[in-house]
Amino acid sequence: MAKKKNVKVMDDLKKKLKKKIIDISKPREKRIYIRVTPERAAEVVEYLFKKYKCKFCTATGIDMREGIEIIYHLAREDKNMVINVKTLVPYSNLEIESIGKKIPAFRWIEREINEMLGVDFKGHPDMRRLLLADSFPKGKFPLRKDFKNSDVTDEDYDYERSGI
Amino acid sequence: MDILKKSFKKSIWVFHLSTAACNNCDIEVLELLTPRYDVERFGIKLVGSPRHADALLVCGSVNAHAKPRLLEVYRQTPKPCLVVAFGSCGCSSGIFRDSYSIVGPVDKVLKEEDPDVKIVYIPGCPPKPEAMIEGIIKGLEAI
């Protein structure tokens, strides 16, 4: 019975989001993957968040070599499902629309992805560093695959900025 | 200098500083103050300001955010002072040594500021209370 319902959810989403997404799939019961272009990501996530009352769990960023993949994890509690909105931000244009400017829950994770992976969230209201030290050199992103610890030496740190 | 040596004989006042520690060492330090070990009977006690301290107890692998703070506290401590690099992280940055935010263990950071700094190393994750008392005693003998 539950299985049938979930198929319905999938078809429903497919119909409503048809023009906005690249691909939609259901690898397991209670989980839906949606792939979107970076330009449409904010729109689709906001739509799911507001229209279906999805709870925002978190977002994750991974370096996929050809770009940074950002996955927004949304939980749809009325159907006990998790919806993952995936988008690949290419290295040639590391920009994506900020969702945090409209929904405050997205702000901190966007700050973290910004400092760790170097994705620029357009329109974010408060893009300070979250976890990295203020003295950490600008333009270095520690969670990228091509980052080595030897890239940052003690001379690169700017302790003037650390507030002491 | 004799009066300084005399002042180090008894009642070591310790300032406890946590530089990016996981808090396990900090909890073990409190164990020393409980009735079982009770280091206050030797006059060793924790004080609230580095300006009152004879010894600095530094826990944790020093990260970039904590480094200027550690140096500032070291500058404020009256010299001569004893620095205790506490736990595996304090001695060698421990398992965090290859992390991007770590700028080195306690001795590396402090030797940039003062090459003659006196450091006692107490390894362990966390060190046993007996080891801590032993370490402080050895440090005092060295001064």
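In the predicted model, β1(B) and β3(B) pair in the parallel sense, over five bridges. At one position along this pairing, Ser18(B) stands opposite Cys59(B) of β3(B). β3(B) also pairs with β5(B), again in the parallel sense and over five bridges. Here Leu56(B) has Val83(B) of β5(B) as its bridge partner.

β3(B) is mostly covered, with five of its five residues buried. In a regular strand, side chains alternate between the two faces of the sheet. Ala55(B), Leu57(B) and Cys59(B) point one way from β3(B). Leu56(B) and Val58(B) point the other way. Residues on both sides of β3(B) are buried. Cys59(B), the residue opposite Ser18(B), is thus among the buried residues of the strand. Leu56(B), the bridge partner of Val83(B), is buried as well.

Helix α2 of chain B spans residues 24–33. Its buried residues are Cys25(B), Glu28(B), Val29(B) and Leu32(B). These four lie on the same side of α2(B), because they cover an arc of only 110° around the axis. On the other side of α2(B), Ile27(B) and Leu30(B) are exposed.

Several elements of chain B cover the buried residues of α2(B). Among them are the strands β1 (13–18), β3 (55–59) and β5 (82–86). The helices α4 (87–92) and α6 (129–142) are also included. The cover of α2(B) therefore includes β3(B), the strand that pairs with β1(B) and with β5(B).

Chain A has 164 residues, of which 24% count as buried. It contains three helices and seven strands. Along the sequence these follow the pattern α-β-β-α-β-β-β-β-α-β. The C-alpha trace of chain A spans about 60 × 30 × 25 Å along its principal axes. Among contacts in chain A with a separation of 6 or more, 49% are between residues 24 or more positions apart.

The two chains touch. In this interface, 11 residues of chain A are in contact with 10 residues of chain B. On the side of chain A that touches chain B, seven residues are nonpolar, three are polar and one is charged.

Technical notes. Residues numbered from 1 in each chain as written. Chains lettered and ligands numbered in written order. Predicted model: local features only at pLDDT ≥ 70, side-chain atom pairs only at ≥ 80, totals over all residues. Contact = placed C-beta atoms within 7 Å. Nonpolar A, V, L, I, M, F, W, Y, C, P; charged D, E, K, R; others polar. Buried ≥ 20, exposed ≤ 12 C-beta atoms within 10 Å, placed from the backbone. Helix = DSSP H or I, 4+ residues; strand = E, 2+ residues; numbered from the N terminus. Arc of directions from axis to C-beta. Pairing = 2+ DSSP bridges.
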